[in-house]
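Q: I would like a close look at a single part of this model. Please take it step by step and tie it to what surrounds it.

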Amino acid sequence: LLTLPMNPYLEAELHRRCHLFRLWESPPARRKDFLRANAPSIRAVVGNAAVGADPETIDALPRLEIVASYSVGLDKVDLARCRERGIRVTYTPDVLTDDAADLAIGLSIATLRRLCEADRYVRAGSWKAKGDYKLTSRFSGKTVGILGLGRIGLSVAKRAEAFGCPICYHSRTKKPNVNYKYFPSVLELAGNCDVLIVACSLTEETRHIINHEVIKTLGPKGVLVNIGRGPHVDEPELISALVEGRLGAAALDVYEHEPDIPEELFRLENVVLTPHVGSATWETRKAMADLVLGNLEAHVLNKPLLTPFL
Ligand code: 8YV
């Protein structure tokens with residue numbers, strides 16, 4: 001069962017190798033009936049960061065054996081239910097790490113150097129009409145705070161180091177093998193960095209971890225970059241801080257209710273917005289698709305899964 005159209009190559013391969021059901025082809029009001037009718041055949045779900053395997057889907061599929069997610073984040077998979085039912089879960093770590101980290105650095109530079117705004121300035125003919133573009137802030141040497149020092153966070157740190165940026169981080173526990181400064185709370189991290197990059201996974205503990213207090217602490221010169229998940233940030237709080245100048249700037253790749261984005265953000269020049277494209281390169285998406293296919297194949301052949309989460 002493929003939950004959404006996510007990659008034409010993946011879909012074509014699934015169609016070629018399996019009996020493929022496309023969930024989105026049945027209207028939301030008839031999904032229950034669709035699942036009930038096809039439940040005897042469905043042994044695997046392939047979901048992504050938008051639509052994974054929610055409790056209703058899992059409960060409707062008594063023969064479900066494996067959820068192979070086309071994502072590294074598993075916040076849209078009901079892991080507790082999968083664990084309970086012995087359903088295997090696979091994901092796509094490592095192959096997307098470089099792209100996500102590249103985007104975090106790209107967004108940081110785009111925000112501080114106002115690259116998108118400067119592009120709009122040129123396109124509007126303002127350079128000729130109004131003269132040179134205003135001065136911006138540098139990225140090199142800025143203190144970068146990373147929330148979540150997992151695979152992606154660590155790759156962001158390595159890149160930022162090459163820009164001469166002092167690195168600090170917060171995560172549940174201090175990492176034994178890194179020399180970056182650890183802060184035991186996100187508030188202390190926000191108070192000690194110029195650019196705060198959210199790179200942790202979404203759990204009940206990290207939902208709205210970027211709240212009023214954190215934003216206030218990051219302050220009018222601070223930059224927030226979110227490449228994690230939208231619900232990490234209290235979006236209305238973020239917007240009012242940006243509008244009122246209590247936060248310097250923000251770069252967002254993810255949103256609380258994507259693809260619905262609060263329109264206030266469109267009017268702000270100190271904001272760079274991208275449409276959840278952290279892993280969206282041909283190279284990475286092909287590698288992610290191959291991992292999904294490889295995991296399903298391994299499962300069917302009773303071999304060790306390539307990238308098991310459960
Ligand atoms: C994708 C992601 O957006 O891996 C993740 O957790 O958020 C992204 O790679 C997605 O799952 C592809 O549709």
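Where is Pro259 found?

A: This is a predicted model. Pro259 is found in the loop between strand E9 and strand E10. E9 covers 249-252, and E10 covers 271-273.

Glu258 and Pro259 are joined by a cis peptide bond. Its omega is about 5°. Most peptide bonds are trans.

E9 and E10 both belong to an open sheet of 7 strands. The order is E6-E5-E4-E7-E8-E9-E10, and the pairing is parallel. E10 stands at one edge of this sheet, and E6 stands at the other. Each of these two has a single partner strand, so one side of each is left without a neighbour in the sheet.

Walk across to the E6 end. E6 spans residues 181-182. E6 pairs with E5 in the parallel sense, over 2 bridges. In this pairing, Cys168 stands opposite Lys181.

Next comes E5, residues 167-170. Ile167 and Tyr169 point one way from the strand. Cys168 and His170 point the other way. All four of these residues are buried. A residue counts as buried if 20 or more other C-beta atoms lie within 10 Å of its own.

On to E4, residues 144-147. E4 and E5 pair in the parallel sense over 4 bridges. Val144 of this pair stands opposite Ile167 in E5. Helix H8, residues 151-162, takes part here too. E4, H8 and E5 make a right-handed β-α-β unit.

E7 covers 195-198, and the loop between E7 and helix H10 (212-218) holds His208. This residue has a positive phi of about 55°, although it is not a glycine. Most residues other than glycine have a negative phi. His208 is partly exposed, with 14 other C-beta atoms within 10 Å.

Asn302 is another residue with a positive phi, near 60°, and it is not a glycine either. Asn302 is found in the segment after helix H12, which covers 282-300. Asn302 has 6 C-beta neighbours inside 10 Å, so it counts as exposed.

Among the residues around it are His276, Gly278 and Ser279. Others come from elsewhere in the numbering, including Met6, Asn48, Tyr70 and Leu96. By class, this shell has 5 nonpolar residues, 6 polar residues and no charged ones.

Finally, step back to the whole chain. The chain has 12 helices and 10 strands. Buried residues make up 40% of its 310 residues. The C-alpha trace spans about 65 × 50 × 35 Å along its principal axes. Consider contacts with a separation of 6 or more: 60% of them join residues 24 or more positions apart.

Notes
Residues numbered from 1 in each chain as written. Predicted model: local features only at pLDDT ≥ 70, side-chain atom pairs only at ≥ 80, totals over all residues. Near = placed C-beta within 6 Å. Nonpolar A, V, L, I, M, F, W, Y, C, P; charged D, E, K, R; others polar. Buried ≥ 20, exposed ≤ 12 C-beta atoms within 10 Å, placed from the backbone. Contact = placed C-beta atoms within 7 Å. Pairing = 2+ DSSP bridges. Right-handed = clockwise from strand over helix to strand, strands pointing away.
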